[in-house]
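Please look over the structure shown here and follow the explanation from its pockets to one of its helices.

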Amino acid sequence: MLTSIAVSAQIIIFHPVKVPADVNEHFLNVELNYSKKTAQAAVDNGELQTWALLQHTNPEPDGFNYMWVNVYKDIKSATSGPGWWSNSKEVLGVESSVLSSGFGELEMGRRYIYKQDIELPATGAASYVILNFTESDKVDTHIKELRKYVLPHFKKEMNDNGMIGFGVATKVTPQGKDVATMMTYDFYDTLTNAMIHLSGGGVISGLPMDKITNISWTMRPLMKIVDSTVPK
């Protein structure tokens, strides 16, 4: 269970992957029994802040169905060294090359890197997260309005609507035409409460929409939190 993808963090890296059904069991075994333990060691020594594995609840027939999330305290931590996953030999006694074998041709998407701008810290354990992406060119305006109007409203209403946490992050890379510029994330305790949010109810009710510049969301995947590391 994920308390928060971004606990006191600055850099969030999303890495989607397409896992075929015939290797799904093997994939989960490696991720939950090996990758997570290696990531937890990295969290414990300060190299990493959070690792999580998310599963898409409604993927396209031939689309990405899982996503890795890695959170670092800053850009330097996110770009220094060979990466925490290369320490599996030291942590588990197993070479990283062994752990990455037996999957056939896993299709991995490119990494999407974001800088956290707003965080409403988690109040408990979350089971689902809504990832909201936009290609808006009014990011500065959105950040100001989200901080002024949405953050205090969510903070007041979240406990009564199953919301566990909330955050806003802006794109670091890739940048360019037809790519997201900003994203928000909403943590929830249950699938039901997350779906109520997506339908425009729950914590969304009562927002002063007349004061908030419209945000056109290009994608809003609902992800199940399969597992995550424990904060240090």
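How many residues of the lining of the largest pocket are nonpolar, polar and charged? By class, that lining has 15 nonpolar, 13 polar and three charged residues. Here Ala, Val, Leu, Ile, Met, Phe, Trp, Tyr, Cys and Pro count as nonpolar, Asp, Glu, Lys and Arg as charged, and the others, Gly among them, as polar.

The model is predicted, so local features need pLDDT of at least 70 and side-chain atom pairs count only at pLDDT 80 or more, while totals for chains, interfaces and linings use all residues. Residues are numbered from 1 along each chain as its sequence is written, and side-chain values use heavy atoms, with hydrogens and water left out.

The largest pocket holds about 670 Å³ of space. A pocket is an open set of points on a 1 Å grid over the protein atoms alone, where a 1.4 Å probe fits, with protein on both sides within 12 Å along at least five of seven lines; lining residues have an atom within 4 Å of a point. The volume is the space filled by probe spheres set on the points, which are joined across faces, edges and corners. Closest to the centre of the largest pocket, among its 31 lining residues, are Ser35, Trp68, Trp84, Trp85 and Arg111. Helix H1 (24–44) gives the most to this lining, with six residues. Helices (H or I, at least four residues) and strands (E, at least two) are DSSP runs, numbered from the N terminus.

The second largest pocket has a volume of about 520 Å³. Its lining has 24 residues, and Pro16, Met67, Tyr112, Phe133 and Met219 lie nearest its centre. By class, this lining divides into 14 nonpolar, five polar and five charged residues.

Now return to H1. This helix has 21 residues and reaches 28 Å from its first C-alpha to its last, close to the 30 Å expected at 1.5 Å a residue; the expected span is 1.5 Å times one less than the number of residues. H1 bends by about 35° at Glu31, the bend being the angle between axes fitted to the seven residues ending there and the seven starting there. Glu31 is also among the buried residues of H1, as are Phe27, Val30 and Ser35. Buried means under 20% relative accessible area, exposed over 50%, and partly exposed in between (1.4 Å probe, protein chains only). After H1 comes Gly46, whose phi is positive, near 85°.
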